[in-house]
Amino acid sequence: MGERTRSDARSAGPATGAPRSAIDLHADPTLLDPYPAYAELRELGGAVWMERYEMFAISRYVDVGETLKDWEGFSSAKGVTFNERLNSTFEGVLLHTDPPEHEELKRLLRAPMAAGELRGLEGELEEEAEAAVARVVAERSFDAVADVARHLPLTVVSKYVGLPEEARAQMLAWAEAGFNCFGPLDK
């Protein structure tokens, strides 16, 4: 399969008979609470034509996984954002590459987090995990994402990727803001 371009997707979209949606993924209410929109897209189908953006959204777990594996049919090299300005700015960044370049960049980025590098951290990781579990058990009710899943990235991973102490609490907010700016420039 050859590389598909955004213009190919635009011309193919409406003619395919795929389900369509007028959801604005970048409207303030959707950004504040995206989960109902995500559920609606999953309910509509594996690939949904987004009328506002003139492109497809793929929101089901299995379909996203299959699409990501088919890098020749669904290339990331020309960009993955909703606007060409960011796509051209991010050229060559991990998210905007295909194999073999993508695999090489992943290998380099993964090196500091490889098992051999983390061996000395086992005690600290266990201690942090045990403290998180003890805290939520004592509370008898918890939010798995807010109280558990975010804990290790904010307390341990942020330290080992080199964020200064005063910046660590902002790591997830910055990541979310970064992904939110992937939208169209008219927002």
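Tutor: With a relative accessible area of 79%, R140 is exposed. Exposed means over 50% relative accessible area, buried under 20%, and partly exposed in between (1.4 Å probe, protein chains only). The model is predicted, so local features need pLDDT of at least 70, side-chain atom pairs count only at pLDDT 80 or more, and totals for chains, interfaces and linings use all residues. Residues are numbered from 1 along each chain as its sequence is written, and side-chain values use heavy atoms, leaving out hydrogens and water.

Student: Where does R140 lie?

Tutor: R140 belongs to the loop between α8 and α9 (144-149); helices (H or I, at least four residues) and strands (E, at least two) are DSSP runs, numbered from the N terminus. Although not a glycine, R140 has a positive phi of about 65°.

Student: Which loop holds E54, and is E54 exposed or partly exposed?

Tutor: E54 lies between β2 and β3. Its relative accessibility is 41%, so E54 counts as partly exposed. E54, not a glycine either, has a positive phi of about 55°.

Student: How are the strands arranged?

Tutor: Strands of a sheet pair through backbone hydrogen bonds, either parallel or antiparallel. Here, three strands form an open sheet in the order β1-β2-β3, with mixed pairing; two strands pair if DSSP finds at least two bridges between them. β1 (20-21) and β3 (55-57) each have a single partner strand, so one side of each lacks a neighbour in the sheet. β2 (residues 48-50) pairs with β3 in the antiparallel sense over three bridges, and M50 stands opposite M55 in β3.

Student: Which peptide bond is cis?

Tutor: The bond from P99 to P100 is cis, with omega near 5°. P100 is in the loop between α5 (84-89) and α6 (101-110).
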